[in-house]
Amino acid sequence: MAADLSTLYDLLDAPLVHQVGYSMGAIISLIAASRDRRIGRLVVGGVGAGVVELGGVDTRMLPNDVLQQALTTPDPATITHDGAAGFRAFADMIGADCTALAAQAQVVHAEPIPLADITAPTLVIAGADDPLAGRPHILTEAIGGAHLLTLPGDHLQVPGDPCFVAEIIGFLDA
């Protein structure tokens, strides 16, 4: 998916882009920014130390098989893992393709990302109660010159915080 972004930037003949990604999109954005110097400013959210320690979303808090099962079960009422139930409810609410999300969960990125290669000014946004973005300072410290913004809420609440979009726009406009 990171290679797809670079191909898109080629097709658009974009000499400079600002990249924003959340959760899985944050992992894709980090990989892209480690390879593509056209990314001038980078914002990633919903991720933390798991990126540094596991190479992706923190599957210690929500194992891939549990998420995959939650996304494919015909009866969401049977989901017992709170985090997985929340993801399924969110996916259903926005009309996401649960089969595609389950397939992605099966092959989630889990190898080192060369974070030290990221040259774009970077903002890391994490929810204070987001287990998937635990210890975000570890990620922030691994990206030279990155800044950390912690907002109240969990993984699904942070993007709805009124400060979320305002902080992103302010960072990108800087």
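Which residue forms a salt bridge with Glu53, the closest N and O atoms being 2.7 Å apart? Arg60 does, a salt bridge being a side-chain nitrogen of Lys or Arg within 4 Å of a carboxyl oxygen of Asp or Glu. The model is predicted: local features need pLDDT of at least 70, side-chain atom pairs count only at pLDDT 80 or more, and totals for chains, interfaces and linings use all residues. Residues are numbered from 1 along each chain as its sequence is written, and side-chain values use heavy atoms, leaving out hydrogens and water.

Glu53 also meets the side chain of Arg135 in a salt bridge (2.7 Å, N to O). This pair links distant parts of the chain, 82 residues apart: Arg135 lies in the loop between S3 and helix H7 (136-142), and Glu53 in helix H3 (residues 49-54). Helices (H or I, at least four residues) and strands (E, at least two) are DSSP runs, numbered from the N terminus. Through shared partners, salt bridges join Glu53, Asp58, Arg60 and Arg135 into one network.

The structure holds six salt bridges. Another of them pairs Arg38 with Asp36 (2.8 Å, N to O). Arg38 is buried at 19% relative accessible area, and Asp36 is buried at 6%; buried means under 20%, exposed over 50%, and partly exposed in between (1.4 Å probe, protein chains only).

Helix H8 (residues 162-173) has Phe164, Ile168, Phe171 and Leu172 buried. They lie on the same side of H8 because they cover an arc of only 95 degrees around the axis, taken from the directions from the helix axis to the C-beta atoms. On the other side, Pro162, Ala166 and Asp173 are exposed.

How values were computed:
The expected span of a helix is 1.5 Å times one less than its number of residues.
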